[in-house]
Amino acid sequence: MAVPNVPIVSSDSHVMEPVDLWKKGVPDKYRETAPLFPPHQVGEGFQQHAGGWDPRARMKEMETDGLSAEVLYPTLMLDLFALDDAGLQEACFRVYNDWLIDYCSADPNRLIGIPAVPVYNIDNGIKELERCRKAGLKGALIWQAPHSDLPFKSSHYDKFWAACEDLDSPVSLHILTGHSYNKDKTRAGVERYRGSVNLKLMDIANGLFELIFYGVLERHPKLKIVSVENEVGWMPWIFQQWDYYYNRFKKENPPPITRNPSSFVKDQVYSCFFNDHVCGENLKYWGQDTVMWSNDFPHPNSTWPNSLKIIERDLGHLPPEIQRKIVCDNVCRLYNVDAAKLPRVEKKAA
């Protein structure tokens, strides 16, 4: 990197929850239906490293990758955003959040936990958001693909958006959360490629469309939305097209917004990438203040332990001040992290 001694912060990394966390943790009335996952096998599948569930092991693995801090999302629990039983989901989320609070307590400055917030019942969701905020977690992870009865454009979420504004809690929309293609676990063969690219893109594009075109972000100007693990290279073209058609038809078919859709993206939408060369090229002219690098550790897609090489590959052509924004300043500003208090990590051999 062109900027020496910059703390590198991943805006999207993951923990790996104990497979029996929910079976053991939910109230008795949900014990039978609570999820139970196959045992961990370190080095296989999604469980690549012990740091997924052991924060002290994670610190060593972060040093191997040259990272100072990570924003943490779940792994197994991503599927639980698709639960149809609201009560069971609330119970599972609370159990996970308690576990995450304990995990991040090993070093709250370097382990930035994002709580899972249920939004079937908005009042309960706000209570959980407030509880987790008091315990040191930051932001809120909700479903990216809402239940069909609860689209983002509905008034159902109004109190929640307002609460997130008041608490300065960015709202994360993470891939594979909610009521969409990921609920179909039978998808196989060529159709898996459709899910990995086309359907994934449709989920986030439609979610952002409703938040912008139906006026959610205009009505809540302090609300911040984070697109997580959806990559970024596709974004400038989509937003350009939104602006084009908004200006072409706004007089005859006016949506409930008063300015270009892309202006809301610029002010209120943050996005993460970890292996997106197109994004790196676009950063010469777009997204410098809201795009954030990530390493997706410890999943198989992760750039660990070669993150610094990937950063150099994708960002090395950019001026030093832009590089610093992408790997540190933007994520620290979003989550109110004091970069000066983060350690400068010298990468260790894997």
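Biologist: What makes up the lining of the largest cavity, by class?

Modeller: In this predicted model, the lining has three nonpolar, one polar and four charged residues. The lining residues are C164, E165, D168, S169, P170, K222, L223 and K224. Asp, Glu, Lys and Arg count as charged, so E165, D168, K222 and K224 fall in that class.

Biologist: What makes this space a cavity and not a pocket?

Modeller: A cavity is a set of points where a 1.4 Å probe fits but cannot get out, whereas a pocket is an open set. The structure holds one cavity of 30 Å³ or more, and the largest cavity has a volume of about 40 Å³.

Biologist: Where do the lining residues C164 and E165 lie, and are they buried or exposed?

Modeller: C164 and E165 belong to helix 5 (residues 158–166), where they are buried, as are F160, W161 and A163. Helix 5 is followed by D168, with a positive phi near 55°; D168 also lines the cavity.

Biologist: What do the buried residues of helix 5 pack against?

Modeller: Their partners are helix 4 (122–134), strand 4 (140–142), strand 5 (171–174), helix 6 (191–213) and helix 7 (216–219). For F160, leaving aside neighbours within four places in sequence, the contacts are V117, V119, I122, I126, L129, A140, I142 and V171.

Biologist: Which residues have the most contacts inside the largest nonpolar core?

Modeller: W22, F160 and W161 do, in a core of 106 residues. Helix 3 (residues 86–104) gives the most to this core, with 11 residues.

Biologist: How do you know how many disulfides the structure holds?

Modeller: A disulfide needs a pair of cysteine sulfur atoms within 2.5 Å, and the structure holds zero. For C104, the nearest cysteine sulfur, that of C132, is 11 Å away, and C104 is in no disulfide. For C272, the nearest is that of C279, 10 Å away, and C272 is in no disulfide either.

Biologist: Why is C104 called buried?

Modeller: Buried means under 20% relative accessible area. C104 has 6% relative accessibility, so C104 counts as buried. C272 has a relative accessible area of 1% and is therefore buried.

Biologist: Why is Y285 called exposed?

Modeller: Exposed means over 50%, and Y285 has 59% relative accessibility, so Y285 counts as exposed. Y285 lies in the loop between helix 10 (277–282) and strand 8 (291–293).

Biologist: How far apart are Y285 and K266 in sequence and in space?

Modeller: Y285 and K266 are 19 residues apart in sequence and 12 Å apart in space, C-alpha to C-alpha.

Technical notes:
Residues numbered from 1 in each chain as written. Predicted model: local features only at pLDDT ≥ 70, side-chain atom pairs only at ≥ 80, totals over all residues. Heavy atoms only, no water. Core = buried A, V, L, I, M, F, W, Y, C linked by side-chain atoms within 4.5 Å. Buried < 20%, exposed > 50% of the residue type's maximum accessible area, 1.4 Å probe, protein only. Helix = DSSP H or I, 4+ residues; strand = E, 2+ residues; numbered from the N terminus. Contact = heavy atoms within 4.5 Å. 1 Å grid on protein atoms, 1.4 Å probe; cavity = no way out; pocket = protein on both sides within 12 Å on 5 of 7 lines; lining within 4 Å. Points joined across faces, edges and corners; volume = space filled by probe spheres on them.
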